Amino acid sequence: MVVPTLLLVGATVFVLMRLVPGDPVLVMLGDTAGEAEIADLRAALGLDRPLPVQFALWLARVARGDLGASITNGQSVLGLILERFQVSTAIVLVAVAAAALIAVPLGLLAAWRQGSAADLAIVAGATVLVSVPSFWLGLLLLLLFGLKLGWLPVVGFVPFSENFAAALSFLILPIVTLIMIEIGVLTRMSRAAAIEVLRLDYVTHARAKGLPESRVLLRHVLPNAFAPTWTLIGLTLGNLLGGIAVLETVFTLPGLGRLLVDGIFARDYPVVQGCLLFIALIYVVVNLIVDLMYPLFDPRVTAE
Amino acid sequence: MRRPIPLNALIGGLLITALVLTAAVALVWTPHDPLAVNLRARLAPPGGAYPLGTDEFGRDVLSRLMAGAATSAIVALATVAFAVIAGGTLGLVAGFLRGWTDRVLMAVNDALLAFPGILLALGFLVVFGANQWGIVVALGLAYAPSVARVVRGTVLSIREREFVEASRVIGNPEHTTLWRHVAPNCIAPVAVLATGMFGWVLLSESALSFLGLGVPPPAPTWGNMLASSRPYMESAVWLGVAPGLCIALSLLGINLLGDWVRDRLDPRMAAHA
């Protein structure tokens, strides 16, 4: 299933980049280019061939990891992406993992005591958190902890390789922002899933057997209730790599989302194309991994 | 027996009514011209002639927030309408005709669904340009595949039902059967999807405008107001707080209302019904 999906993803990006108004050759060469120069580059890029041939050639190059060079600074697009990818991944992975560790127990607790004051408080809090735009929450935290209290740096970034502690200090606020947003999303999902599971006969049966409530919740309800949340975590990881551009803008971090957005601004089409392909690839692969890990906690699903 | 409307639906309804009313009023009247520059009143704190203060060009923040509500509401409505019409038509045709048409349309659809939504929207923005209508088309096209999936699934189950067969037996042309008897059955699932989409579009539009890829200045949107407030974050706090609060309250309204709609349709989720 993965190979056809990746082919479709590739075809979509290829078509999308061909739909972009304007001639890519003119963009690359600038206004001063001569006729012969334009024809030469067109032939060199294979743009004078039929479209299916172009797609096949393009696909062969992409499959080898050749995403071309940035128009703006001539750097290899793949190199740029891999460099930027680290920052975004660090933020997204840490934030989503931490959010899940907080949200899943909260959701379970709320579902277990559905309708109680604790449930209402958790639901209300989660609903407020999902309604707050991440970039606004980020700005507010930056204002409070960066500008007013002066605890954390406001602008800039230091690579991990240079100064680990300093790099960490730049990542704390974006990670905290993302954790808060994702707690809202994941708590709502795990609560909804747990409510459904709590009503199933086998839970009643487990209780009737006289099992302690903690064992019912942890051994019988949690594994099943976690399944939809697990799927959502996979979708979230992929979505965030594209969507994190706003947070990277707020905190001026050199991440993947920012690379894509800057590429769009600069009409740097090789960079845009590379980012689209790379993020979509990660999205497909992450969701595949999530599917493959399903049997670990839901034995009814067997890996083929 | 009718259950009383719960508190969350009430709050959600009030917030959305406030948004729609503000947007409607802003189309005909705002306290000041949202675009009028007044350099003598730059960065004025809230109070007096400017209840929510002024921005770095001396423009009235309240008027700009109201105009921004109108822009956001119009963009969100247009996007949802576009996605529902485009995705709905695709799903109807694919599900009703089946065969090769279905296979080809759904292959394209699945290719688009393999992308994270916001990424696809960014890709389309490159093609259609970063402006108000570019956003509508880009976000609409990014969401249409989900609508197409849901509609196709519904059509596939509906088209086997007796009343569809009856419509054919009495000699109705196929397009009449499709539009009069099959399509109306897709309204309920699409309505649930559209409610959720409204919130997603509102948030995405603010995020894109915040990035500078949305509605271009000087036209006010909550997203671009937030972006331009950043240099004055410390000296003029109101500039950064007000637009974010507007986005958050609108989203809260949509989420609360959406939860209520889903609870009504799925009684298992209702608290101790």
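1. Two residues are in contact if their C-beta atoms, placed from the backbone, lie within 7 Å. Helices (H or I, at least four residues) and strands (E, at least two) are DSSP runs, numbered from the N terminus. With these terms, A:Leu80, A:Ile81, A:Arg84, A:Phe85 and A:Ser88 of α5(A) meet A:Leu256, A:Gly257 and A:Leu259 of α12(A).

2. The model is a predicted one, in which local features need pLDDT of at least 70 and side-chain atom pairs count only at pLDDT 80 or more, while totals for chains, interfaces and linings use all residues. Residues are numbered from 1 along each chain as its sequence is written, and chains are lettered from A and ligands numbered from 1 in the order in which they are written.

3. On the helix pair of point 1: two packed helices are described by the angle between their axes and the distance between the axes. Here axes are lines fitted to C-alpha atoms, for helices over the stretch in contact, and angles run from 0 to 180 degrees between N-to-C directions. The axes of α5(A), residues 77–112, and α12(A) come within 7 Å and cross at roughly 130 degrees. Angles under 35 degrees count as roughly parallel, over 145 as roughly antiparallel, 65 to 115 as roughly perpendicular and the rest as oblique; α5(A) and α12(A) are therefore oblique to each other.

4. On residue classes: Ala, Val, Leu, Ile, Met, Phe, Trp, Tyr, Cys and Pro count as nonpolar, Asp, Glu, Lys and Arg as charged, and the others, Gly among them, as polar. The contact of α5(A) with α12(A) has five nonpolar, two polar and one charged residues.

5. Chain A has 13 helices and zero strands. The C-alpha trace of chain A spans about 85 × 55 × 35 Å along its principal axes. A residue is buried if 20 or more other C-beta atoms lie within 10 Å of its own, exposed if 12 or fewer, and partly exposed in between, with C-beta atoms placed from the backbone. In chain A, 37% of the 304 residues count as buried. Of the contacts in chain A with a separation of 6 or more, 70% are between residues 24 or more positions apart.

6. Chain B has 10 helices and zero strands, and its C-alpha trace spans about 75 × 50 × 30 Å along the principal axes. Of its 273 residues, 47% count as buried. Residues at least 24 apart make up 68% of the contacts in chain B between residues at least 6 apart in sequence.

7. Two arginines deserve a look at the backbone. A:Arg267, in the loop between α12 and α13 of chain A, has a phi near 50 degrees, a positive value in a residue other than glycine. A:Arg267 is partly exposed, because 15 other C-beta atoms lie within 10 Å. B:Arg98, in the loop between α2 (61–97) and α3 (99–113) of chain B, likewise has a positive phi near 50 degrees. B:Arg98 is partly exposed, because 14 other C-beta atoms lie within 10 Å.
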